[in-house]
Amino acid sequence: MYLLYLAWFNLLFDFHFFLASKAGAGMGRLGTLINLPIMIIAAINLPSLAGGKKAWMLCMPMLVLLLVGVINVPTAENFTYAKDALKILLLFYTIVVASAALIKTPRQALPLVFIFLLRFGWFEMFAKGSGLVPWHPTLSNYDGYGGLMVGAAGACSWAALGATTKRDKMLLYLMAVLGVLGVVASAARGAFLALVVVGGIIWLRSPRKVVTALVMVAGVIVVFAGASLLFEENFFWEEMKSAFEEGNDEGTGKQRWSLWVAAFRVWQEHPVFGVGPSNVGAFAAGYFAWGEIEMFENPAMFYGFNLHNAYMQILSEYGAVGMIAFLWLHFDFFKRNRELREPEAIAAWDAGGGRRAFDLRYLSMSLEAMIIALMLANILYASLLESWLWMTFGLNRVLWSVTRGVSGPARAPASARATRGRPSGRPRTLR
């Protein structure tokens, strides 16, 4: 159990990257070794999960993606890229499976919840309002950091509403404010638009719309204050305005459109299973003629270039089968997340000790906000090899498991069963 907590910490805090930046690549590789025992435990348990009522633990959508990657590795244009990407996906998969298999009670799940939420503060601390985390390979990009901070603003806001102690509430609200400030500091247009959408969804879903509206006003003040303090004159607003003026005819908008056109044509060449993990650039570099794709006259430029759209990346690298699995993964998330707000699940969470830290209804909304933030951010910046998306799916499945049990819904206390069929007293909007 402690090894599992340590693996979650290492993945979500990206501590191996931090170690590598301070003590060299060797120390970074040493940091990843803590995940090895968990992978072995998951592998040992896989046969026992293969059938019956425990089969859901195999997380079939992720398993399908993994198998598609395995099929593609031998024929991938760049074997090393495919192999390395597949190892990362395998790591995420085994942690997700091991978590569902090992975490049995709400009390055991709470450390994962705190790790999931507190990692936002870890990255905000290193960014220091700059919009970047210098030692992180993805968060050292403004688009990458901005996308994660949208998730921080949404997830921490809901979690703060559900926290049962004043200390946790204040800390989570602080991280939510810093998340908003992080989006502004990044000046990432896609992230800012995602923040606006997530803020609107939070207001629509909130049972206390007046209070939430006041919080939104405070968020707007943070945006304006941050834009004034961090940038000269009207730079931030001019940058946001360019998102609507630029379109796909000029600048970065045209560059991204060219990337997506290229990725779609790559998919057309390999429509079923794609060209292999992290191989769309490697394949495109050898497939397109010089000058065939605008903004990428030299096709070698595709090598190592972020596709700036996770959905096009899945489609081109994992094919139609992979895209179906990716959409299935999201459907699985929202189905289980909704079930976390049912009376039986809430009763099981409270009885198992979860209520001492969080109200499950708000915690489920926190995960939902994170997924929506990532879904939107992934439209303009792909971060598929980061833990953010996969561990959100994993935590959602753990919370579902501990409130229902691997053999079916947990039996609620008599008081909860007695209310079935009558209004539960909880806000309808949280359903």
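A salt bridge is taken here as a side-chain nitrogen of Lys or Arg within 4 Å of a carboxyl oxygen of Asp or Glu. The structure is a predicted model, in which local features need pLDDT of at least 70 and side-chain atom pairs count only at pLDDT 80 or more, whereas totals for chains, interfaces and linings use all residues. Residues are numbered from 1 along each chain as its sequence is written, and side-chain values use heavy atoms, with hydrogens and water left out.

By the salt-bridge criterion, the structure holds 14 salt bridges. One of them joins Asp-84 to Lys-83, with the closest N and O atoms 3.2 Å apart, and Lys-83, Asp-84 and Lys-87 are linked in a network of salt bridges. Exposure is described by relative accessible area, with buried meaning under 20%, exposed over 50% and partly exposed in between (1.4 Å probe, protein chains only). Asp-84 counts as partly exposed because its relative accessibility is 32%, and Lys-83 is likewise partly exposed, with a relative accessible area of 30%.

A second salt bridge is formed by the side chains of Glu-292 and Arg-265, with an N to O separation of 2.5 Å. This pair links distant parts of the chain, given that Glu-292 lies in the loop between α14 and α15 while Arg-265 belongs to helix α13 (residues 251–269), 27 residues apart. Helices, here and below, are DSSP runs (H or I, at least four residues), as are strands (E, at least two), numbered from the N terminus. Glu-292 has a relative accessible area of 35% and is therefore partly exposed; the value for Arg-265 is 27%, so Arg-265 is partly exposed. In a further salt bridge, the side chains of Arg-355 and Asp-359 meet at 3.0 Å, N to O. Arg-355 counts as partly exposed at 36% relative accessibility, whereas Asp-359, at 7%, counts as buried.

Grid points are joined across faces, edges and corners, and a volume is the space filled by probe spheres set on the points.

The largest pocket has a volume of about 1,200 Å³. Of the 38 residues that line this pocket, Phe-17, Asp-84, Ile-88, Leu-385 and Glu-386 are the closest to its centre. At least two lining residues are supplied by each of α2 (15–23), α4, α6, α14 (280–287) and α15, and the largest share, seven residues, comes from α6. The lining of the largest pocket divides into 20 nonpolar, 13 polar and five charged residues.

The second largest pocket has a volume of about 490 Å³ and is lined by 23 residues, of which Val-180, Val-215, Met-216, Gly-219 and Val-220 lie nearest its centre. Helices α8 (142–162), α9 (166–186), α10 (189–205) and α11 (209–230) each supply at least two residues of this lining, with α11 giving the most, eight residues. By class, the lining of the second largest pocket has 18 nonpolar, five polar and no charged residues. Helix α11 also holds Ala-213, which is partly exposed at 28% relative accessibility; the C-alpha atoms of Ala-213 and Trp-203, 10 residues apart along the chain, are separated by 6.7 Å.

Six cavities of 30 Å³ or more are present in the structure, and about 90 Å³ of space lies in the largest cavity. The residues lining the largest cavity include Leu-65, Ala-85, Leu-89, Tyr-318, Leu-385 and Trp-390. Both α6 (79–102) and α15 (310–339) supply at least two lining residues, and the largest share, four residues, comes from α15. The lining of the largest cavity comprises nine nonpolar, two polar and one charged residue. Helix α6 also contains Leu-91, which is buried, with a relative accessible area of 14%; Leu-91 and Ile-38 are 53 residues apart in sequence and 9.1 Å apart in space, C-alpha to C-alpha.

Notes. On a 1 Å grid over the protein atoms alone, a cavity is a set of points where a 1.4 Å probe fits but cannot get out, and a pocket is an open set with protein on both sides within 12 Å along at least five of seven lines; lining residues have an atom within 4 Å of a point. Ala, Val, Leu, Ile, Met, Phe, Trp, Tyr, Cys and Pro count as nonpolar, Asp, Glu, Lys and Arg as charged, and the others, Gly among them, as polar.
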